[in-house]
Amino acid sequence: MTQPAVHPPVDPSGHGSGAAPTGGTPGDTAGGTGWGDGADTPTPRRRRVPWRGLLVIALAGIPVGLLWWALAPTGLNLISRDPALASGSNPSTWLPRDLVLAGLYLAAGCVGGILAAGSKPASLPPLTVIGAVAAGAVGALLAWGTGVLAGAVFTPARDTSASASIAFSLRAYAVLLVWPAATALSIFVASLFGHPDQEP
């Protein structure tokens, strides 16, 4: 007589002897999550330092310096157009001349700081902040030198024996700190009131 075929008992869980597991994926490991131990979990990318943008901020000092010479008293004097403020021999022109440069520095620093902060200022690398402030300092020096050079080239020679401020120049050197300070402050404000990064 022929004996009937006997089949081994089937484990309902699918993990019996010789049975392949049916509820996992190739990435399963002991104690894993079923997706390769988080291998597919997105990780936040580190932002790179925008060196080209920082170079643009620094080189912006050249047009800022030309604008200073064009707008300020004893230069082209385009703001007031007052003939009394056209000559550097008038001491009342010295303070407005410095204030015009300070205002330009403030505007340039705020714009540069906002551009450096970008859309996610909370994740801004510290090196980018330092670079933006340094670029602002370089831009301030370039603007100062460009304005003084433009005054020396395009303005008729003046007798500066009484005071060096008669020529187109900067009297208050503390104004040079306005640009980098405005850059740092604008980055701080952007990171303080900007939208925080959302975790995936």
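The model is predicted. Asparagine 77 and arginine 81 each have a positive phi without being glycine. The second largest pocket has a volume of about 220 Å³.

- Most residues other than glycine have a negative phi.
- Asparagine 77 is not a glycine, yet its phi is positive, at about 60 degrees.
- Arginine 81 also has a positive phi, near 55 degrees, and is a residue other than glycine.
- Asparagine 77 sits in the loop between α2 (61-71) and α3 (94-117).
- Arginine 81 is placed in the loop between α2 and α3 as well.

- Asparagine 77 has a relative accessibility of 4%, and because buried means under 20%, asparagine 77 counts as buried.
- Arginine 81 has a relative accessible area of 62%, and exposed means over 50%, so arginine 81 is exposed.

**The second largest pocket**

- The volume of the second largest pocket is about 220 Å³.
- This pocket is lined by 13 residues, and the closest to its centre are Val56, Ile57, Val111, Gly112 and Leu115.
- Both α1 (51-59) and α3 contribute to the lining of the second largest pocket, with at least two residues each.
- The largest share of that lining comes from α3, which supplies 6 residues.
- Sorted by class, the lining of the second largest pocket holds 11 nonpolar residues, 2 polar residues and no charged residues.

How values were computed. Residues numbered from 1 in each chain as written. Predicted model: local features only at pLDDT ≥ 70, side-chain atom pairs only at ≥ 80, totals over all residues. Heavy atoms only, no water. Helix = DSSP H or I, 4+ residues; strand = E, 2+ residues; numbered from the N terminus. Buried < 20%, exposed > 50% of the residue type's maximum accessible area, 1.4 Å probe, protein only. 1 Å grid on protein atoms, 1.4 Å probe; cavity = no way out; pocket = protein on both sides within 12 Å on 5 of 7 lines; lining within 4 Å. Points joined across faces, edges and corners; volume = space filled by probe spheres on them. Nonpolar A, V, L, I, M, F, W, Y, C, P; charged D, E, K, R; others polar.
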